[in-house]
Amino acid sequence: MHAPLPTTDAKITAHEFCLFFGKIQALRNITLDVRRNSILGIIGPSGSGKTSFLRAINRLNDLHPACHTEGLLQLDQTDIYHPQCDPVALRKRIGMVFALPIPLPLNIYENVVYGPRLGHHCPPRAELDMLVERSLRAAFLWDEVKDRLHTSGLRLSGGQQQRLCLARVLAMQAEVILLDEPCSGLDPISTAKIEEALTTLKAQHTIVLVTNNTKQAARVADETAFFLMGELVEHGPTQKLFTVPDDPRTNDYVTGRFG
Ligand SMILES: Nc1ncnc2c1ncn2[C@@H]1O[C@H](COP(=O)(O)OP(=O)(O)O)[C@@H](O)[C@H]1O
Ligand SMILES: [Mg+2]
């Protein structure tokens, strides 16, 4: 069992959190804190529950009819699974970037403003223009697209599309950014741009990065969690987890002996 970390700056807290899809238990007694303004890396072999954990944080698993949870998952000390928690409002605070970049079939500008325009009041054009520039700059994409904001997002390269998806999350002013293997289909240069963006963005956001690339976690994550078959095997400062892990299974995984 993992004792809760004695931190008061937790943005997300899981305590003995379990997730089931019908009879399948995808997460077993996960207890961990994600520190505000940090990057938590989550590593582990396929099927270990990484995606399920991310989707639990913004309640995307709710869409599965037989999904249920036990234990506690909190955002800012408030229960994410409380009956009064509105998943739509929650998802505005918690943005998600998926492995496959899926821009809307709209131009670059419209992709970024799509979410903010759905809000209660549509910001005036000048405000939207500023939002587009700010979001694209923060996603490290502005310089590459500033002269063609009205071309289709689908005409960008894979790496640019992924940064456009990140810009869309940023335009919603999400507090938490969840990324599920965002660089799995990208070349090293595009990957480096995403990593640079995340490292800058943690000043304003809390980031959870699931990655199938342990080296990526080693490069950008402040803390890393190792998941295996639905359990959290180990969680701690990234450097420690990669150099002197407590659990032999962590050691085997980070040294490439399995997975
Ligand atoms: N929608 C679903 N319905 C049933 N089982 C699921 C569903 N999503 C995930 N699972 C199961 O939960 C476990 C963890 O899966 P997942 O979170 O996708 O792992 P990872 O992202 O680490 O590869 C697996 O056993 C998987 O089969
Ligand atoms: Mg996954």
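A polar contact is taken here as a pair of N or O atoms within 3.5 Å. The model is a predicted one.

**Exercise 1.** Identify which polar atoms of Ser48, Ser52 and His64 lie within that cut-off of ligand 1.

*Solution.* Begin with His64, where a polar side-chain atom lies 3.2 Å from a nitrogen atom of ligand 1. Turn next to Ser52, which places a polar side-chain atom 2.5 Å from an oxygen atom of the ligand. In Ser48, by contrast, the polar atom belongs to the backbone, and it is 3.1 Å from an oxygen atom of ligand 1. Taken on its own, ligand 1 has 560 Å² of accessible area, of which the protein covers 62%.

**Exercise 2.** Determine which elements give two or more residues to the shell around ligand 1, and how the shell divides by class.

*Solution.* Of the contributions to the shell, that of α1 is the most, with 3 residues. The residues surrounding the ligand include Phe21, Ile24, Ala26 and Pro45, together with Gly47, Lys50 and Thr51. Sorted by class, the shell holds 4 nonpolar, 7 polar and 1 charged residues.

**Exercise 3.** Describe how helix α3 is placed against helix α4, and helix α6 against helix α7.

*Solution.* Two packed helices are described by the angle between their axes and by the distance between those axes. For α3 (residues 108-117) and α4 (residues 125-138), the axes come within 10 Å and cross at roughly 110 degrees. Angles of 65 to 115 degrees count as roughly perpendicular, and α3 and α4 are therefore roughly perpendicular to each other. The crossing in which α3 passes α4 is right-handed.

For α6 (residues 158-171) and α7 (residues 188-201), the axes come within 9 Å and cross at roughly 20 degrees. This angle makes α6 roughly parallel to α7, and their crossing is right-handed.

Conventions:
Residues numbered from 1 in each chain as written. Chains lettered and ligands numbered in written order. Predicted model: local features only at pLDDT ≥ 70, side-chain atom pairs only at ≥ 80, totals over all residues. Heavy atoms only, no water. Near = heavy atom within 4 Å. Polar contact = N/O pair within 3.5 Å; in protein donor to acceptor, adjacent residues only side chain to side chain. Areas by Shrake-Rupley, 256 points an atom, 1.4 Å probe, with all protein chains shown as cover. Helix = DSSP H or I, 4+ residues; strand = E, 2+ residues; numbered from the N terminus. Nonpolar A, V, L, I, M, F, W, Y, C, P; charged D, E, K, R; others polar. Axes fitted to C-alpha atoms, helices over the stretch in contact; angles between N-to-C directions. Parallel < 35°, antiparallel > 145°, perpendicular 65-115°, else oblique. Left-handed = near helix turned anticlockwise from the far one by under 90°.
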